[in-house]
Each structure stands twice: as structure tokens, then as C-alpha cells.
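Colleague: Could you take a close look at one part of this model for me, the place where the two chains meet? I would like one connected account, with the cut-offs spelled out.

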Amino acid sequence: MNAILVALLEIRAYLRDKGGLAFSLLLPIAIFALMYGAFGGQEQFHGTAYVVDEDQGGIYSARLIEQMDELDELDVELLSRSDADDRLEHSDLYLVLYIPQGFSDKLTTDEKLPLTFKQRSNGGQEGQIVASMVRGLAEEINQGLQVQNQVEDALAESGIGGEKVEITVQKFLDREREHPIVGIEEISVGSSPDPVNQFLPGIVTMFVLFSITLTARTLVEERKKGTLERLFTTRLSVGQLFAGKFLANVSRGFVQTLILFALAYAVFQKFTPLSFGSSLVIALVFAAAASALGLVIAAVVRTEDQATWIGVFFTMAMTMLGGTFFEISEGTMMETISRFSVNTYANEAFYTVIARGGTLADVGFEIAVVAGVAVVALIIARSLFKVAQEGK
Amino acid sequence: MPEEFLVARNLHKSFNGNNAVNGVSFSIHKGEVFGLLGPNGAGKTTTIRMLTTVLEPDRGDIEIGGHSVRQDAEGVRALIGVCPQELALYVELSAMDNLVFFGRMVGLNGKEAKAQAMSHLDLMGLADRAKGKVDKFSGGMKRRVNLAIALMGHPQFLFLDESTVGVDPQSRNNIYETIEGLRDEGMTILYTTHYMDEADRLCDRVAIMDEGVIIAMDTPHALKSQIGNPNQVTLEDVFLKLTGRTLRD
Ligand SMILES: Nc1ncnc2c1ncn2[C@@H]1O[C@H](COP(=O)(O)OP(=O)(O)OP(=O)(O)O)[C@@H](O)[C@H]1O
Ligand SMILES: [Mg+2]
């Protein structure tokens with residue numbers, strides 16, 4: 001009973017603290033929106049090819065540009081040479097394709113003119129992709145011309161006109177493009193690159209873990225302002241105090257997750273009722289671990305600043321290792337290290353139930369690890385805890 | 001022989017090698033108001049912290065109401081109310097919430113806690129600010145809330161550590177009258193203050209402490225008689241005579 005009263009007091013204080021509320025609820029929503037905005041729209045490459053076409057009236061340059069424009073991934077923007085040079089100079093563009101004057105005419109002669117890519121440093125990631133696409137298209141035109149030349153050469157004696165050959169060869173090539181012999185099909189394997197699934201668990205666990213800073217601070221604050229010492233002149237036992245603080249922070253972490261997931265449910269329809277329920281179970285266990293870790297920090301630190309810094313540092317370390325912001329590849333050193341982060345297990349459990357349709361049974365191991373952290377941390381916190389501040 | 005409600009024997013406490021309390025013994029009778037006086041750093045607060053179970057003595061033992069502080073801290077806690085020298089309040093909550101919470105912590109049910117909180121706030125002249133956030137209170141008001149909390153659950157033994165420090169004469173008078181009222185109701189009180197007139201008026205007996213030891217202990221009247229006519233000398237004269245005029249840190 002006393003424990004519950006302590007918890008209620010703590011929660012009441014938390015609800016009155018507008019800054020704390022904003023930090024633990026609004027900030028994760030904002031950060032998630034940012035991550036979603038930054039990575040969400042970029043599943044498919046899309047770039048702009050900047051072209052200076054000085055081969056006015058040339059049929060091959062026109063064909064090349066037309067084929068570039070037909071690609072979904074590319075937009076074509078035509079520039080004048082001076083404009084392009086100027087923008088390259090000012091790092092406004094990173095890569096420009098120059099089609100020289102007489103390019104088409106010379107293509108069928110022996111003194112061919114090359115296409116030129118002008119780039120700043122390596123042309124940037126987008127520029128490199130654009131360049132390789134253009135190379136592919138140029139190669140196609142090249143092959144077409146070679147086939148045409150060979151056919152023309154072979155038929156030279158038969159007296160069949162060059163123009164007719166050209167039309168026929170082009171027809172074959174167009175058909176080949178539409179129905180290629182070597183087909184290429186794209187299948188995404190493994191984790192779907194869905195940004196919601198990718199970032200949601202990590203950001204939620206990060207902010208639940210951040211609340212360890214609040215946990216740690218409240219105990220230090222209470223020690224400092226004397227309410228802790230005062231509490232221990234009442235009938236409240238250390239165990240009850242611990243239980244109360246633990247309970248308050250578990251509830252806070254849990255409600256935090258509940259709100260964030262409920263929002264994700266409403267906005268992205270990422271959940272089924274079952275996966276939502278399972279996620280809440282994981283959330284509860286993780287909130288318990290976070291709360292217990294907060295109590296450990298509270299038991300060892302002496303000032304609020306220490307509590308904050310250790311809390312923030314610990315949270316960031318766990319978050320990074322938990323693969324929140326970047327994927328950790330399997331079999332790497334990083335993956336081994338990431339096994340030391342509670343977030344890794346929680347994130348994996350969330351991911352399994354949300355993205356892969358797993359059940360709680362599938363994440364039994366992960367849940368057990370997180371629960372184990374909670375129990376061990378509670379025991380450590382309890383044994384390190386001192387009521388009175390003796391050495392000032 | 002009156003019943004001894006509190007017995008402290010040979011208390012010692014040192015912090016980092018400095019003896020804050022260095023062999024203190026005294027006893028307090030039931031219904032008595034006992035003043036613990038002494039210059040800054042004399043060891044009064046340290047003594048009270050040991051008596052109220054939050055600090056373990058290095059040596060010596062304490063019994064309150066027959067319960068040993070070492071062996072039965074819970075039994076002791078059930079009897080005492082403490083008003084610490086430093087304000088110990090949840091400033092982000094209202095005065096009422098503070099009192100109710102601590103009331104629940106000393107074992108009152110919700111209804112009792114609310115009723116007592118209201119009557120104590122009334123006693124302290126804070127009834128109309130009951131719902132106000134403590135953060136916004138003046139120093140004197142906070143002091144009164146600090147004291148009101150100590151009264152929750154009507155403890156048999158009340159510890160007051162400088163409960164009138166830093167308040168205006170009005171607040172001080174209010175606190176003072178409250179303590180007198182409690183004394184008249186038969187509450188046993190251990191009281192520290194730097195206001196000698198206060199101690200003279202309130203206390204049945206006083207102990208004067210300096211540098212961790214008790215250097216005199218008697219009724220104010222008897223102490224005054226030691227240095228002159230008790231109707232002409234003040235307790236302050238006695239205090240200064242015994243503890244000297246050098247400044248303490
Ligand atoms: N937690 C602590 N850590 C270190 N030293 C302490 C601690 N508490 C008290 N002391 C030291 O013990 C001595 C006695 O302090 P105490 O607070 O008991 O004095 P006091 O009589 O209450 O003084 P005051 O009238 O100023 O309140 C002082 O020298 C003080 O510096
Ligand atoms: Mg003191």
C-alpha cells in the first residue's frame with residue numbers, strides 16, 4: 001500500500017512537470033517524424049540528370065535524352081554550358097553530362113566524340129548512380145549501332161539500302177528492350193525496408209530508457225531536499241520506497257510506449273490487435289528493466305548532474321548498440337558488442353512481433369533477457385542504496 | 001520518578017574523522033519539553049538524526065518508548081514526528097498533498113489523513129492556501145508546512161530542529177503558540193533553537209551542547225541561578241558564559 005502511495009506521488013509530480021512530459025512524449029514523436037521524413041521517402045532511388053546538349057539536332061543525343069527521361073528513376077534537366085559550369089563551380093551541382101557538338105554525326109564515322117561527365121570530387125552518391133544509368137543507356141545505343149554496322153557490312157553486297165537496315169535493326173532492338181531475353185526481376189529479401197518498422201521500436205525503447213534519467217534524478221533530488229530522510233522517519237520501509245519508485249517508473253515507461261504505439265497504430269496501421277497486445281507485454285518488461293537500471297544509477301550517484309549525465313550516456317550507448325539509428329550487420333564485431341545492450345533484445349522482440357508477425361513465444365528468449373536485466377538491476381540497486389547522505 | 005520516554009546513552013558520531021557528536025547522554029521524561037541548545041556545529045542536528053533513526057550512531061544506543069533505535073527502528077518510527085532543520089517538502093505539490101501523503105506514510109487512512117491535514121493547516125493559518133503549490137509559498141509559510149507535516153498522525157514524541165529559523169515574528173509566534181498548545185496536550189518534545197528567549201519560555205529543561213558534548217543540563221531557572229539572580233540574567237547570558245564568545249563555523 002505504501003509503495004503504491006509513493007508511486008502515485010511520483011506520477012503526480014511527473015504529470016505536473018510539463019518539461020518532463022514534453023520530453024518523454026512529444027520529443028519521440030518529433031524524432032520519429034524526422035527519421036521518417038529523412039529515410040521514409042527514399043526507398044526507391046530518384047535523381048536528376050543535368051545535361052548540356054550541344055549536339056543540336058543530333059538523332060543519337062535526342063534518343064539518349066529521351067531514353068533517360070523515360071526512366072522512372074531519372075528526371076532530365078537541360079542546361080546551357082555556361083549555366084552548368086557556373087553551378088558546378090558553386091557546388092550547386094555535382095555531376096553534369098556534356099554531349100558535344102557533332103556527337104551524332106561523328107558517331108557513324110571513325111573519329112567518334114566521347115560523352116563527358118564533369119563532376120565535383122566523386123560526383124556524390126546521386127551523381128554516381130545517375131552516371132551509371134547514363135552509361136547503361138549509352139551502351140545500349142552503342143550496341144545498337146554496332147549491330148547495325150555489322151548487319152550493314154554483311155548485307156553490303158546484297159544491295160539492301162542502309163536506311164532499311166537501320167529501321168529494321170531499331171525495331172528489333174526496341175522489341176528486345178521491351179521483352180528482354182535475360183529478364184531481371186527485383187525481389188526484396190529479409191527485413192522489409194519499411195521505415196516505420198525500422199525506427200519505431202528503437203526510438204520508443206530509447207525514450208523509455210531515457211526515463212532512467214528521471215528515475216535517477218528523483219531519488220537524488222529527494223535525498224538532497226531531505227524528503228527521503230524524512231520519509232524514513234515514517235513507517236515507510238526502504239523496500240516499500242523502492243517498490244514505489246519502481247512501480248511509478250514502470251508505469252511511466254509503459255504508458256509512454258502505449259501512447260507512442262497507439263499513435264503508430266492509428267497513423268500507420270502497423271499493428272494487428274495481437275501484435276499490439278504482444279508489443280505491450282514487451283513494453284512492460286522493458287519498462288521494468290529501464291526503471292531498475294534507473295534505480296541503480298540513483299543508488300550510486302550523489303548529484304542530479306551525475307544522474308543526468310550517467311543516464312544520458314548510458315541511454316545513448318544502449319541505443320546506439322541497439323541498432324536504433326543504423327542497422328548492425330550480422331557476424332560483425334559490432335553485432336557481438338550489441339549483445340550487451342538491453343535495447344537490442346527489446347528492439348528485436350518488438351520487430352519480430354510488429355514486422356514479422358511473430359508471437360510472444362517467438363521472442364521468449366529476448367523477453368527473458370530483458371526481464372533478467374530488470375531483476376539483477378533491482379537487486380544491485382537495493383544493495384547499493386543508502387538513505388542518508390553521510391559524507392557531504 | 002517520572003517515566004523516561006527517551007534515553008540516549010553515550011552517543012558518538014563522526015564524519016570523515018571529525019567528531020560531530022562525542023559522547024552524549026541524556027533522558028527525556030514523558031510530557032516534557034526538552035531544549036537542545038548550542039552554537040552552530042555543536043552536533044544538535046546530528047544528535048536528532050540519530051534519535052530519529054535516519055543516522056546510525058557509531059557508538060552508544062537510544063531507546064524511545066521502550067524501543068531500541070538499533071533493533072526496532074520501526075517501533076520508534078511509530079511514535080515520533082520529525083520537523084527537520086532543512087525544509088523537506090515536495091514543492092511541486094500542494095500543501096494539502098504534502099500533508100496527506102506524509103499522513104498516509106505514518107499510517108493514517110485517506111479520510112483521517114485529509115481531516116488531520118485540514119486541521120493542521122488551519123492551526124498553522126494556512127487553510128486558505130491548502131491547495132496552493134508549496135513552490136509559491138513564502139519562507140515562513142514553507143516553515144509552517146514543514147512543521148504541520150511533523151504533526152500528522154499525532155505523534156507521541158515530536159522532534160523540532162530549529163523550526164522557527166528564518167521566519168518573521170508573526171510566523172514565529174504562530175509556530176511558538178502551536179508548540180505551546182501541543183505541550184499543553186501532553187506531547188513530549190525535543191526542541192532546538194538559537195532563540196534563547198524561546199527556549200526559556202518553552203522548555204522544562206535544556207541541555208547546552210558544544211563541540212559534540214553536553215556541557216550543561218538543567219531547568220532554565222536552575223541554569224540562570226548558577227550565574228546570578230534568575231530574574232535578572234537571561235538564558236542567553238548563561239549560554240554565552242558556557243560556550244564562550246568565539247565564532248563557530
Ligand atoms: N553529513 C555530514 N557530513 C559531514 N560532516 C557533517 C555532516 N553533518 C554534520 N556534519 C558536521 O558535524 C558537525 C555537527 O553538525 P550539526 O549539523 O549536528 O550541528 P548543529 O548543532 O545542528 O549546527 P546548527 O546549529 O548550525 O544547525 C559540524 O561540524 C558539521 O559540519
Ligand atoms: Mg542543526
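Modeller: In this model, 29 residues of chain B are in contact with 23 residues of chain A, contact meaning heavy atoms within 4.5 Å. The model is predicted, so that local features need pLDDT of at least 70 and side-chain atom pairs count only at pLDDT 80 or more, while totals for chains, interfaces and linings use all residues. Residues are numbered from 1 along each chain as its sequence is written, chains are lettered from A and ligands numbered from 1 in the order in which they are written, and side-chain values use heavy atoms, with hydrogens and water left out.

The area buried between the chains is about 2,600 Å², with carbon and sulfur atoms giving 56% of it; buried area is the accessible area (1.4 Å probe) that two parts lose on being put together, summed over both. Of the area that chain B buries against chain A, B:R77, B:Y90 and B:M105 supply 24%, more than any other three residues.

The rule finds three salt bridges across this interface, each a side-chain nitrogen of Lys or Arg within 4 Å of a carboxyl oxygen of Asp or Glu. A:K225 forms a salt bridge with B:E92, their closest N and O atoms being 3.6 Å apart. On the side of chain B that touches chain A, β1 (4-15), β6 (80-83), α3 (95-105) and α5 (139-151) each supply at least two residues, and α3(B) gives the largest share, five residues; these helices (H or I, at least four residues) and strands (E, at least two) are DSSP runs, numbered from the N terminus.
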